[in-house]
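Subject: Structure handover

Hi,

Here is the structure I promised you. Please open it first, then read my notes below.

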Amino acid sequence: MSPLPDPRLLEEVGDLTHLIRRVIQAQSIISRSRNVASQYNVGKIIVLSRMAY
């Protein structure tokens with residue numbers, strides 16, 4: 001038995017780290033767009049409340 005890991009296993013681990021990186025990127029994009037959306041909603045509420053008065 002050679003101590004070297006199976007190249008297929010290495011490939012899978014590489015795919016996994018790539019996937020995790022993608023997920024982290026997606027989460028940061030989602031949180032950023034959520035911040036923008038919440039700011040937009042606050043602005044919308046302010047405008048609507050001003051129109052109501």
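Start with the surface. Leu 16, Ile 20 and Ile 24 make a nonpolar patch of about 300 Å² there. Keep in mind that this is a predicted model.

Where does Leu 16 sit? Leu 16 is in helix H1, which runs over residues 7-52. Is Leu 16 buried or exposed? Its relative accessible area is 53%. Exposed means over 50%, so Leu 16 counts as exposed. An α-helix has 3.6 residues a turn, so residues three or four places apart point the same way.

**The helix**

H1 has 46 residues. At 1.5 Å a residue, they should span 68 Å. The end C-alpha atoms of H1 are 66 Å apart, which agrees. How many residues of H1 are buried? The number is zero, so H1 lies largely in the open.

**The whole chain**

The chain has one helix and zero strands. Its radius of gyration is 23 Å. For 53 residues the globule rule gives 10 Å. The value for the chain is well over that, so the chain is more spread out than a compact globule. The C-alpha trace tells you its dimensions: about 80 × 10 × 10 Å along the principal axes.

What share of the 53 residues is buried? Buried residues make up 0% of the chain.

Pick Pro 5 and Ser 49. They are 44 residues apart along the chain. Their C-alpha atoms are separated by 64 Å. Pro 5 lies in the segment before H1. Its relative accessibility is 43%, and Pro 5 counts as partly exposed.

Now pick Met 51 and Gly 14. These two are 37 residues apart in sequence. In space they are 55 Å apart, C-alpha to C-alpha. Met 51 is in helix H1. Met 51 is exposed, at 60% relative accessible area.

**The charges**

Side chains of opposite charge can pair when their charged atoms come close. How many salt bridges are there here? The count comes to one. Asp 6 forms a salt bridge with Arg 8. Their closest N and O atoms are 3.0 Å apart. The cut-off is 4 Å, so this pair qualifies. Asp 6 is partly exposed, at 33% relative accessibility. Arg 8 is exposed, with a relative accessible area of 60%.

Over to you.

Notes:
Residues numbered from 1 in each chain as written. Predicted model: local features only at pLDDT ≥ 70, side-chain atom pairs only at ≥ 80, totals over all residues. Heavy atoms only, no water. Patch = residues over 30% accessible without salt bridge, like charges linked within 9 Å, V, L, I, M, F, W, Y side chains within 5 Å. Areas by Shrake-Rupley, 256 points an atom, 1.4 Å probe, with all protein chains shown as cover. Salt bridge = Lys/Arg side-chain N within 4 Å of Asp/Glu carboxyl O. Helix = DSSP H or I, 4+ residues; strand = E, 2+ residues; numbered from the N terminus. Buried < 20%, exposed > 50% of the residue type's maximum accessible area, 1.4 Å probe, protein only. Expected span 1.5 Å × (residues − 1). Rg over C-alpha atoms; globule rule 2.2 N^0.38 Å.
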